[in-house]
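Q: Hi! Could you walk me through this one while I have it open?

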Amino acid sequence: MSRHHPPGTALHGPTTGARRRTALAALCALALALTVAITGAPAAHAAAPVRVMPLGDSITGGPGCWRAVLWDRLQRSGFTNVDFVGTLPGGGCGMTGWDGDNEGHGGYQATGIANQNQLPGWLAATHPDVVLMHLGTNDVWNNQPTATILTAFGKLVDQMRADNPNIKVLVAQIIPMTPSGCSWCPTGVSALNAAIPAWAAGKSTAQSPVTVVDQFSGFDTAVDTSDGVHPDDSGFQKMSDRWYPALTPLLGGTTPADTTPPSVPAGLRVNVNCSMVVTLNWTASTDNVAVTGYDVFRSASGSPATAVGTTTTTTFTHTLSGLAQYQVRARDAAGNTSALSEPVSALPPPCPPPDTQPPTTPGTPTASATSATGTTLTWASSTDNIGIAGYEIHRAPGATGGTFTQVGTSTAATFTDTGLAAGTTYRYQVRARDAVGNTSSFSPRSPSRPRPGAVAARPR
């Protein structure tokens with residue numbers, strides 16, 4: 001049997017309490033919504049930079065300028081959210097402001113790093129996301145068997161994964177070496193490089209891939225190293241060019257379609273004029289797509305080359321400051337850069353000594369053809385060891401006193417002054433100037449006037 005309540009009858013008990021609680025909850029929700037609307041959502045945090053550890057020996061560490069070239073290219077290509085990490089600092093290499101941190105330990109072997117468990121400490125200090133590993137050169141030089149080196153590689157990768165299970169490892173097939181006193185080195189490098197791909201395939205996982213980067217092919221120790229082992233500028237460029245396409249997909253980018261660098265600019269020529277302006281010219285580089293410009297580098301007193309400018313043509317001017325050498329490299333739209341050209345020296349030319357001799361003093365000016373508003377002045381010409389560029393004409397009001405101010409110039413020993421006030425006395429004096437700005441004394445004292453070198457003109 002249902003119960004009915006007449007209109008307007010108040011309901012009491014649990015039903016009324018439930019409604020009050022619902023209303024209160026609604027008010028609280030509204031207050032929370034207003035608070036969120038007023039304060040706004042929490043600010044989004046910027047993505048953490050990708051931490052990249054260059055790991056190796058002296059080829060990576062000192063000076064290891066492939067790191068500077070690679071860093072520069074990453075920045076120019078838009079990969080700016082990158083942090084090179086390591087317990088060793090870096091610098092120089094002709095570039096400023098690049099991230100030089102690394103783990104390039106000169107003389108170290110992969111087997112030694114693994115056997116002495118040195119890597120875990122470096123990892124704990126830096127926690128890399130990506131490792132660029134160029135190791136094995138010193139192992140080969142010390143005649144370590146390929147299998148022993150690869151065992152060390154495997155231990156190092158295990159230690160990397162213990163620090164970061166998602167770590168990405170780029171392992172180089174190392175650059176060739178032909179040092180004197182190491183007849184086994186070339187074949188040792190080839191044997192190691194031949195075994196690395198199969199080792200990497202067996203060590204790689206989906207979570208932590210191991211990618212092989214060919215640093216061997218196309219590398220010429222006669223051209224690309226300074227001593228058969230350590231890269232020179234062209235070698236550093238080649239190493240950077242190999243790391244770049246393998247690294248960029250791990251930085252949120254895609255493997256660039258164009259990885260071919262332009263050819264090296266040839267025939268670099270330098271001319272220095274007596275104003276110490278350096279003009280560089282060279283033969284245009286070629287590229288599989290197109291050359292987009294050139295970077296010009298300068299070094300002085302044995303210091304590393306530093307970039308001094310860019311150009312889209314095959315000529316560049318710069319101001320000479322002391323003895324200097326210049327080099328040029330080409331670049332394309334994909335960010336590929338050639339190796340630096342052979343350096344050329346810029347020397348001050350055998351110029352005559354600077355002209356510091358002023359002209360002689362011009363003769364006393366005399367006025368003629370004076371009218372109510374103007375007068376024509378003439379004077380004896382000055383002489384100069386090089387040549388007179390012209391004369392400055394100065395005027396003062398009144399027969400005495402007043403200040404002389406320049407009212408004109410003339411390339412001849414005559415000048416017509418106009419716009420004068422009728423019935424007013426004016427005094428004039430003149431001085432000569434040569435092409436470099438040396439000036440003579442003002443014209444001599446007029447015997448009939450009190451101011452030195454002045455002549456009176458009174459328009460009528």
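Q: Okay, M160 first: which residues does M160 touch?
A: Leaving out residues up to four places away in sequence, M160 touches L55, L119, L123, V131, M133, I167 and V169. Contact here means heavy atoms within 4.5 Å. Keep in mind that this is a predicted model, where local features need pLDDT of at least 70, side-chain atom pairs count only at pLDDT 80 or more, and totals for chains, interfaces and linings use all residues. Residues are numbered from 1 along each chain as its sequence is written, and side-chain values use heavy atoms, with hydrogens and water left out.

Q: Which residues touch the most other members in the largest nonpolar core?
A: Those are L55, M133, F153 and M160, out of 34 residues in that core. A nonpolar core is a set of buried Ala, Val, Leu, Ile, Met, Phe, Trp, Tyr and Cys residues joined through side-chain atoms within 4.5 Å. Buried means under 20% relative accessible area, exposed over 50%, and partly exposed in between, with a 1.4 Å probe and protein chains only.

Q: And which element gives the most to this core?
A: Helix α7 does, with seven residues. Helices (H or I, at least four residues) and strands (E, at least two) are DSSP runs, numbered from the N terminus.

Q: How do α7 and α8 pack?
A: Helix α7 (residues 146-163) and helix α8 (residues 185-203) pack at about 35°, and their axes are 10 Å apart. Axes are lines fitted to C-alpha atoms, for helices over the stretch in contact, and angles run from 0 to 180 degrees between N-to-C directions.

Q: Which residues in α7 and α8 meet?
A: On the α7 side they include I149, F153 and V157, and on the α8 side L192, I196 and W199 are among them. By class, this contact has nine nonpolar, two polar and three charged residues. Ala, Val, Leu, Ile, Met, Phe, Trp, Tyr, Cys and Pro count as nonpolar, Asp, Glu, Lys and Arg as charged, and the others, Gly among them, as polar.

Q: How many bridges pair β15 and β18?
A: Five, in the antiparallel sense, with β15 covering residues 374-378. T376 stands opposite T416 in β18. Two strands pair if DSSP finds at least two bridges between them.

Q: Last one: what is the strand order in the open sheet?
A: The order is β7-β8-β11, with antiparallel pairing. β7 (266-272) and β11 (315-319) are the edge strands.
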